[in-house]
Every structure is written in C-alpha cells, then in structure tokens.
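Please keep the sequence and the coordinates at hand while reading.

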Amino acid sequence: MKKLLPPFLFLLAILLLIGARYVWPQSNLIPPPWHWLGLLLIVAGLVVGIPAANRFHRIGTNIRTFNEPGQLVTEGAFRYTRNPMYLGFSLMLLGLAIVFPILTSFIVVVAFVVITDRWYIRFEEAAMERKFGDAYREYKSRVRRWL
C-alpha cells in the first residue's frame, strides 16, 4: 500500500466516481440544478488543500506520506485541521459526488475518507509522534484531525 500515495488514491477515486456514472447508470440523488452546488465544495477543497501543500513546499518539509516528517507545521490551515490536504481532497471528492449524484459516487467518497483516515493519517501521526514527541502531542490535543 506504500506505493499508493494519497494523490494517486485521489485520482483513482475521481476515475471511479466519474466512471461509475457510465458503467452502472443509476438515478440521480440530487436533481438538477442543485447538483451544481457540488462545485462550491470542489472550490473549497482547492482553497483548503493547495495553500497547505504550498506551505510544505515553501518551508521545505517533506510532503510524501511514507517519508520521515521534516518539520511540525502548525500555521495556516494547520491551526484548524491537522490534515488540510486530505480535507481538501475529501471536499473535492464530495463536490464531485454531488455533481455526479449517484449512490456509487458517495460510496467512493466514504471509502476514500476511511482509507485516508485509517491508513495514511494513522501512519503519519505515529511518525510525527515519534519525531516530535510532546510538541506533536500538544498540537494534537488542541487541533482536530479533520475539522
């Protein structure tokens, strides 16, 4: 599973979400034009995720999930969520699920969130705790994992 990095899982989820609409035609759960409200969540995901990724690049810390963490980042969106990039991915997928509102789309979103939470985030949290100790535990006690 270490070879399936979060951006690739995100892209796979997008392909599954969109592809399911054509492979397994289902009735829309959200009627037009309301399904276009999903675009707001896509934009929200971009607004949350991109600046967080840029912050990692700007300070030169590791962004790859299975490599050792470089620095403990607590500024910007990290003041409100410990995982703004994963939150951004999840919001964008939920937005797409609303734009393509079939049951399978929402199942893909739930699967993405569960895999992200149970596999990637748990791995990263353990690595952060090993490297940063009490500083990370204090940060973890005041900032929620998702929201």
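Helices are here DSSP runs of H or I with at least four residues, and they are numbered from the N terminus. The model is a predicted one, and its secondary structure amounts to five helices and zero strands.

**Overall layout**
- Followed along the sequence, the chain has the pattern α-α-α-α-α.
- The C-alpha trace of the chain extends over about 50 × 30 × 25 Å along its principal axes.

**Packing of α1 with α3**
- Helix α1 (residues 6-23) and helix α3 (residues 84-99) have axes that come within 10 Å of each other and cross at roughly 5°.
- Because angles under 35 degrees count as roughly parallel, α1 and α3 are described as roughly parallel to each other.
- On the side of α1 the contact is made by Pro6, Pro7, Phe10, Ala13, Ile14 and Leu17, while α3 contributes Tyr86, Phe89, Met92, Leu93, Leu96 and Ala97.
- Sorted by class, this contact of α1 with α3 holds 12 nonpolar residues, with no polar and no charged ones.

**Packing of α4 with α5**
- Helix α4, which covers residues 103-132, packs against helix α5 (residues 134-142) at an angle of about 130°, and their axes are 6 Å apart.
- That angle makes α4 oblique to α5.
- The residues in contact are Glu125, Met128, Glu129 and Phe132 of α4, together with Asp134, Ala135, Tyr136, Arg137 and Lys140 of α5.
- By class, the contact of α4 with α5 consists of four nonpolar and five charged residues, with no polar ones.

**Surface**
- A nonpolar patch on the surface is formed by Leu29, Leu103 and Ile107, which together have about 300 Å² of accessible area.

**Backbone**
- Most peptide bonds are trans.
- The peptide bond from Pro32 to Pro33, however, is cis, with omega near 0°.
- Pro33 has its place in the loop between α1 and α2, the latter being residues 38-59.

Terms used
Residues are numbered from 1 along each chain as its sequence is written. This is a predicted model: local features need pLDDT of at least 70, side-chain atom pairs count only at pLDDT 80 or more; totals for chains, interfaces and linings use all residues. Side-chain values use heavy atoms; hydrogens and water are left out. Patches are made of residues with over 30% relative accessible area and no salt bridge: like charges are joined within 9 Å, nonpolar side chains (Val, Leu, Ile, Met, Phe, Trp, Tyr) within 5 Å. Accessible areas come from the Shrake-Rupley method with a 1.4 Å probe; for residues, only the protein chains shown count as cover. A salt bridge is a side-chain nitrogen of Lys or Arg within 4 Å of a carboxyl oxygen of Asp or Glu. Helices (H or I, at least four residues) and strands (E, at least two) are DSSP runs, numbered from the N terminus. Axes are lines fitted to C-alpha atoms, for helices over the stretch in contact, and angles run from 0 to 180 degrees between N-to-C directions. Angles under 35 degrees count as roughly parallel, over 145 as roughly antiparallel, 65 to 115 as roughly perpendicular and the rest as oblique. Contact means heavy atoms within 4.5 Å. Ala, Val, Leu, Ile, Met, Phe, Trp, Tyr, Cys and Pro count as nonpolar, Asp, Glu, Lys and Arg as charged, and the others, Gly among them, as polar.
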